[in-house]
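The structure comes first, and the text then takes up each topic in turn.

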Amino acid sequence: MIAAPHWRALAVSLLAGTVLGWTVQGWRKDTILADLRRTAATAQAAAASALVKTTGRVLQLERTAAGQLAARTDQLIKDNHHAQTDRDRFMADVRSGAIRLSIPIAGNRPSPGAGPADPAAAGVDRQQARAELDGAAAAALDAIASDGDAATRQLNACIDAYNLVRDTYHVQTE
């Protein structure tokens with residue numbers, strides 16, 4: 001058996017060892033937690049830096065694309081204005097008689113002897129009767145053609161804008 005003084009010494013030694021072990025274990029735990037916190041803070045700072053950098057790049061892309069879209073819109077406005085000026089000039093020439101518009105008519109063909117002398121040109125009737133359009137009919141046809149041209153210009157501008165956005169943001173299309 002162990003004597004009482006030895007028992008106490010053993011108990012004190014065990015107690016001191018336990019306290020020392022808990023203390024050392026606590027220091028290790030605190031060191032590990034501090035390392036984890038540092039690693040997490042470093043990772044968080046790197047992620048925040050990457051987010052700021054990426055956000056800046058995207059904002060720059062947006063500004064560039066917006067500028068290019070505005071330039072395309074300005075070009076469409078200029079093209080429409082130029083087309084309207086040409087149309088107004090054309091219609092003024094039609095109204096003044098400087099330009100005459102006509103269409104071929106069926107029925108009143110010239111006599112057979114008045115046809116083309118060249119057999120290769122037999123399919124082309126250069127003497128075909130024509131009817132001149134009055135100003136209202138010419139204006140109506142011009143309006144139809146102008147509306148079609150304007151729609152084509154607008155559609156081309158839309159396609160250009162689509163391609164610009166697709167190319168700027170590298171969008172994958174099927």
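## Confidence

pLDDT is the predictor's confidence in each residue, on a scale from 0 to 100. The model is predicted, and its pLDDT averages 84 over the protein. A score of at least 70 is reached by 84% of the residues.

Over residues 117–121, pLDDT stays under 50. For this stretch the model has 1 contact beyond four places in sequence. Where pLDDT is low, the predicted coordinates should not be read in detail.

## Fold

The protein has 2 helices and 2 strands. Read from the N terminus, the order of the elements is α-β-β-α. Of the contacts between residues at least 6 apart in sequence, 72% join residues at least 24 apart.

## Burial and surface

The protein has 174 residues, and 7% of them count as buried. Its accessible surface comes to about 13,700 Å². Carbon and sulfur atoms account for 62% of that surface.

## Largest pocket

Rolling a probe the size of a water molecule over the atoms shows where empty space is left. In this model, the largest pocket has a volume of about 160 Å³. Its lining consists of Asn80, Ala83, Gln84, Asp86, Arg87, Asp142, Ala145, Ser146, Asp147, Asp149, Ala150 and Arg153. The elements that give two or more residues to this lining are helix H1, spanning 4–96, and helix H2, spanning 135–169. H2 gives the most, with 7 residues.

Sorted by class, the lining has 6 charged, 3 polar and 3 nonpolar residues. Among the residues that line the pocket are Asp86, Asp147 and Arg153.

## Asp142

One of the lining residues is Asp142, which is found in helix H2. Is Asp142 buried or exposed? Asp142 counts as buried because its relative accessibility is 12%, and the cut-off for buried is under 20%.

Leaving aside residues up to four places away in sequence, Asp142 touches Arg87, Phe90 and Met91. Of these, Arg87 is also listed in the lining of the largest pocket. Asp142 is thus a lining residue of the pocket that counts as buried.

Definitions and conventions. Residues numbered from 1 in each chain as written. Predicted model: local features only at pLDDT ≥ 70, side-chain atom pairs only at ≥ 80, totals over all residues. Heavy atoms only, no water. Helix = DSSP H or I, 4+ residues; strand = E, 2+ residues; numbered from the N terminus. Buried < 20%, exposed > 50% of the residue type's maximum accessible area, 1.4 Å probe, protein only. Contact = heavy atoms within 4.5 Å. Areas by Shrake-Rupley, 256 points an atom, 1.4 Å probe, with all protein chains shown as cover. 1 Å grid on protein atoms, 1.4 Å probe; cavity = no way out; pocket = protein on both sides within 12 Å on 5 of 7 lines; lining within 4 Å. Points joined across faces, edges and corners; volume = space filled by probe spheres on them. Nonpolar A, V, L, I, M, F, W, Y, C, P; charged D, E, K, R; others polar.
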